[in-house]
Amino acid sequence: MKNSILSAKQTVENYGIKEATVHWNLSPEKLTDICVEKGQGKIVKSGALMVNTGEFTGRSPLDRFIVKDNITKDKVWWGDINIPFEEDKFDKLYNKVVSYLSNKELYVRDSYACADENFRINIRIISELPWSSLFAYNMFLRPDENELKNFTPDWTIVQAPSFMAIASEDGTRQHNFAILNFSKKIALIGGTGYTGEIKKGIFSALNFILPVEKETLPMHCSANVGENGETAIFFGLSGTGKTTLSADPNRKLIGDDEHGWTKDDIIFNFEGGCYAKVIDLSKENEPDIYNAIRSGALLENVVCKANTNEVDFTNTSITQNTRVSYPIHHIDNIQEPSLAGNPKNIFFLTADAFGVLPPISRLLPNQAAYHFISGYTAKVAGTEAGVTEPVPSFSACFGAPFMPLHPAKYAEMLSKKMKDSNVSVWLVNTGWTGGPYGIGTRMKLKYTRAMINAALNGDLGKYCYEDYHIHSVFGVAQPRKCPGVPTDVLSPRTTWNNDEAYYKMAFKLSNAFRENFNKFEMSANEEIRRGGPQRFSF
């Protein structure tokens, strides 16, 4: 695809950017070449481009803002997650950013989100760095050449990683920021090169637009579909296995992170690519992701083995949040277009570092609503300063940082969808067994895959005493047997070999659930409140 510097320049001038040299919709190959030529990245053995995102190697939730205006003031759930930003402050900061980008070399990418044409939003990404444009190419859906001729953006992302805000003047917390303006349909990003801010900005926008305007549930989940047309979706926070478990050679991948569930019972992907964690990645355990890391893929903050260009996926010297983005067609077995019908199974993934939750359990509707609102996983010792033992971590709807509305709104929509579709909901612990982190071991991936396959195939029996045991603290139903999984693995208490220690830890975690849920008590009905674990002292 040829550059169209003249038309691109005219377009960015409409945004207030003056006299810039603009590269318009460059190919992945050309963007990769520019990064290497500028010394911003290098090619690794597999052919992928490797870059370092600089100061920020992850999102900065405390620096994410939403402009408080007539559209948002009475609808957004304001607080520590959705932080208000003044309209006039936004205008002033925006003008400073576009002035900063003037006279620079810029990269513009036109793309769109939402595979279902009824929900498509066109996105223009104006970025300071060529690899940001490569990331946008990988992660958003790609218009064909005819669509690009008359492309009109619905939303615009303006990204300036090297622009540093002055908090006292600009209304930010510090020098970096990511701000959504729903009136002007602009995502303004500065002071950070972490590419995840680009994709999560649009995800956050859709999490407001779709429920409010389209009666459609947005979800932080992966999804795939079997040969029989039955869809499965996987909710989970970072590191719980959404991408890994949805990349199944026996099922077609719809998408790995962000989807919508329409009132007409369609599941559709928001994106056109995957953004996977690569810490400890191996070809043996995750062949689809491993093989997707080739020419056109973008690796972030990884390190190569000494004196080679071969990535050392075990090296976390820059960050534990090492990442790769690649277009979805780098996966062989994909659903085209990336949408399918109602799910028959929903999996809530959690990496329980306390080693308490069963590796798989079936949830009643009220339990499903409770666990969805809770969005539990755990931080492990050593990942943050001062963390010396497992710490429970809750993120409402398995994606609180991206949810502008009150979590109860999304939970109500999901509960209705689950009941109307008669879907089975499963809680899957991809975390620890045989004890907490530091004592027990991480659940084997082959066992988790076997349990999910058994759930999909109907091999976990009927919801009755003969086939299930009710957990005495969490009240969830854990299967007594599963093909391909040792029976004792299915019972977390059995794997501990110490009932007193197990129940002490189980009650500690259940109390953490209850304490977290206190802030939702007023908005959750009695049925949902009864879906939680017991509260006891041991």
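The following legends describe an overall view and several close-up views of one predicted protein model. Residues are numbered from 1 along each chain as its sequence is written, and side-chain values use heavy atoms, with hydrogens and water left out. In this predicted model, local features need pLDDT of at least 70 and side-chain atom pairs count only at pLDDT 80 or more, whereas totals for chains, interfaces and linings use all residues.

**Figure 1. The protein chain as a whole.** The protein chain contains 15 helices and 30 strands; helices (H or I, at least four residues) and strands (E, at least two) are DSSP runs, numbered from the N terminus. Along the principal axes, the C-alpha atoms fill a box of roughly 70 × 55 × 50 Å. Of the 538 residues, 59% are buried, where buried means under 20% relative accessible area, exposed over 50%, and partly exposed in between (1.4 Å probe, protein chains only). Contact means heavy atoms within 4.5 Å; among contacts between residues at least 6 apart in sequence, 71% join residues at least 24 apart.

**Figure 2. Helix 14 and its surroundings.** Helix 14 spans residues 499-517 and has 19 residues. The distance from its first C-alpha to its last is 27 Å, close to the 27 Å expected at 1.5 Å a residue; the expected span is 1.5 Å times one less than the number of residues. Buried residues of helix 14 include Y502, M505, F507, F513 and F517. Their cover includes helix 10 (365-374), strand 24 (376-379), strand 25 (391-394), helix 13 (492-496) and helix 15 (526-529).

**Figure 3. Helix 12 and the residue that follows.** Helix 12, residues 445-457, reaches 18 Å from its first C-alpha to its last, close to the 18 Å expected. Among its buried residues are Y447, M451, I452 and L456. The buried residues of helix 12 pack against strand 12 (231-236), helix 8 (242-246), strand 22, strand 23 (360-363) and strand 26 (424-429). Just after helix 12, G458 takes a positive phi of about 75°.

**Figure 4. N342 and its contact D265.** N342 lies in the loop between strand 21 (339-341) and strand 22 (343-350). N342 counts as partly exposed because its relative accessibility is 21%. Leaving aside neighbours within four places in sequence, N342 is in contact with T231, W261, D265 and S421. N342 and S421 are 79 residues apart in sequence, yet their C-alpha atoms are 7.0 Å apart in space. D265 belongs to the loop between strand 14 (258-261) and strand 15 (266-269). Although D265 is not a glycine, it has a positive phi of about 70°.

**Figure 5. S127 in strand 7.** S127 is found in strand 7, which covers residues 121-127. Its relative accessibility is 0%, so S127 counts as buried. Not counting residues up to four places away in sequence, S127 touches L106, Y107, S132, S133 and Q159.

**Figure 6. Backbone details in two loops.** N103 lies in the loop between helix 3 (87-101) and strand 6 (105-113). N103 has a positive phi of about 70° although it is not a glycine, and at 59% relative accessibility N103 counts as exposed. P337 is found in the loop between strand 20 (323-327) and strand 21. The peptide bond from E336 to P337 is cis, with omega near -10°.
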